[in-house]
Amino acid sequence: LKRAEHHLKKALMLANKIGHDKLRVMPTYRLGSIKWSQGEIDAPKKLWGEALSLAQKIGDERAIGYGVNGLGLVAICEGRAIEARRYIEQSTEIFERLGMLGPLSTTRVNLVELNMSIGILKKALDIADMTVSTAREVGHISGAGIGLAYRSEVLLAIGRITEAQNNCSEA
């Protein structure tokens with residue numbers, strides 16, 4: 001992570017030197033992800049917000065999807081469930097429209113997690129089922145795996161233990 005952070009900061013320095021916003025978007029977003037993985041919340045919030053602003057400025061829909069998903073994660077952690085849902089659903093719609101199955105699987109399981117945290121287990125299970133189904137349909141193995149893992153958590157929460165164990169083993 002330290003090496004990645006170093007390289008991302010270098011990429012940002014070079015992008016700033018060149019003065020090209022398009023080259024700043026994803027390094028800014030990824031730097032926010034590194035800060036997130038280090039347990040920070042303020043730095044990722046700032047970086048993801050900056051990445052989103054840059055993405056909107058240059059019209060990069062893919063990067064907009066990443067930015068709003070990041071801000072959705074921050075909103076979850078800050079207890080702003082309605083805002084989090086709006087952000088993550090927007091990100092999910094973008095990735096679905098663009099056919100980006102890796103990020104789509106991630107945003108969908110973020111929605112599963114959000115719905116579980118606010119007690120909407122039926123919707124969480126529906127989204128987990130959709131994640132697994134879509135991923136299997138197109139042969140996206142890691143998407144199916146992450147969907148099954150989150151599906152097993154929902155099944156465990158609603159007391160369907162055997163099915164949860166089976167999903168977990170399959171994941």
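This is a predicted model: local features need pLDDT of at least 70, side-chain atom pairs count only at pLDDT 80 or more; totals for chains, interfaces and linings use all residues.
Q: Is Asp-129 buried, exposed or partly exposed?
A: Buried means under 20% relative accessible area, exposed means over 50%, and partly exposed is in between (1.4 Å probe, protein chains only). Asp-129 has 30% relative accessibility, so it counts as partly exposed.

Q: How do I check the length of a helix, say α1?
A: The expected span is 1.5 Å times one less than the number of residues. Helix α1 covers residues 2–18, which is 17 residues, so it should span 24 Å; its end C-alpha atoms are 24 Å apart, and that agrees. For α2, 16 residues should span 22 Å, and the end C-alpha atoms are 24 Å apart, which agrees as well.

Q: Which residues of α1 are buried, and where do they sit around the axis?
A: An α-helix has 3.6 residues a turn, so residues three or four places apart point the same way. In α1, the buried residues are Glu-5, Leu-8, Leu-12 and Ala-15. They cover an arc of only 90° (taken from the directions from the helix axis to the C-beta atoms), which puts them on the same side of α1. The face turned away from that side carries the exposed residues Lys-2, Arg-3, His-6, Lys-17 and Ile-18.

Q: What covers the buried residues of α1, and what follows this helix?
A: The cover includes α2. After α1 comes Gly-19, with a positive phi near 80°.

Q: And what do the buried residues of α2 pack against?
A: They pack against α1, α3 and α4. Among the buried residues of α2 are Val-25, Met-26, Pro-27, Tyr-29 and Gly-32. Then α2 is followed by Gly-39, whose phi is also positive, near 85°.

Q: How do I read a nonpolar core, and which members of the largest one touch the most others?
A: In soluble globular proteins, nonpolar side chains tend to be buried together. A nonpolar core is a set of buried Ala, Val, Leu, Ile, Met, Phe, Trp, Tyr and Cys residues joined through side-chain atoms within 4.5 Å. The largest one here has 20 residues, and Val-25, Met-26, Tyr-29, Trp-48, Ile-64 and Tyr-66 touch the most other members. At least two residues of this core come from each of α2 (22–37), α3 (42–58), α4 (61–77) and α5 (81–98). The most come from α4, with 7 residues. Apart from this core lies another, of 12 residues, among them Ile-88, Val-109, Tyr-150 and Leu-155.

Q: What is Tyr-66 in contact with?
A: Contact means heavy atoms within 4.5 Å. Leaving aside neighbours within four places in sequence, Tyr-66 is in contact with Met-26, Tyr-29, Arg-30, Phe-95, Met-100 and Pro-103.

Q: What about Thr-92: buried or exposed, and what does it touch?
A: Thr-92 lies in helix α5 and counts as buried, at 8% relative accessibility. Not counting residues up to four places away in sequence, Thr-92 touches Leu-104, Thr-107, Arg-108 and Leu-111.

Q: How about Ala-81?
A: Ala-81 also has its place in helix α5, but it is partly exposed, with a relative accessible area of 26%. With residues up to four places away in sequence set aside, Ala-81 touches Leu-114 and Ile-118. Ala-81 and Ile-118 are 37 residues apart in sequence, yet 7.8 Å apart in space, C-alpha to C-alpha.

Q: And Asn-115: buried or exposed?
A: Asn-115, in helix α6, counts as buried at 1% relative accessibility. Beyond four places in sequence, the residues it touches include Arg-85, Ile-120 and Ile-127.

Q: Last one: how many cavities of 30 Å³ or more does a search find?
A: Rolling a probe the size of a water molecule over the atoms shows where empty space is left. On a 1 Å grid over the protein atoms alone, a cavity is a set of points where a 1.4 Å probe fits but cannot get out, and lining residues have an atom within 4 Å of a point. Grid points are joined across faces, edges and corners, and the volume is the space filled by probe spheres set on the points. The search of the whole structure finds 1 cavity of that size, 30 Å³ or more. About 30 Å³ of space lies in the largest cavity. Leu-101, Leu-104, Ser-105, Arg-108, Thr-131, Thr-134 and Ala-135 line it. Two or more lining residues come from each of α6 (101–117) and α7 (121–138), and α6 gives the largest share, 4 residues.

Technical notes:
Residues are numbered from 1 along each chain as its sequence is written. Side-chain values use heavy atoms; hydrogens and water are left out. On a 1 Å grid over the protein atoms alone, a cavity is a set of points where a 1.4 Å probe fits but cannot get out, and a pocket is an open set with protein on both sides within 12 Å along at least five of seven lines; lining residues have an atom within 4 Å of a point.
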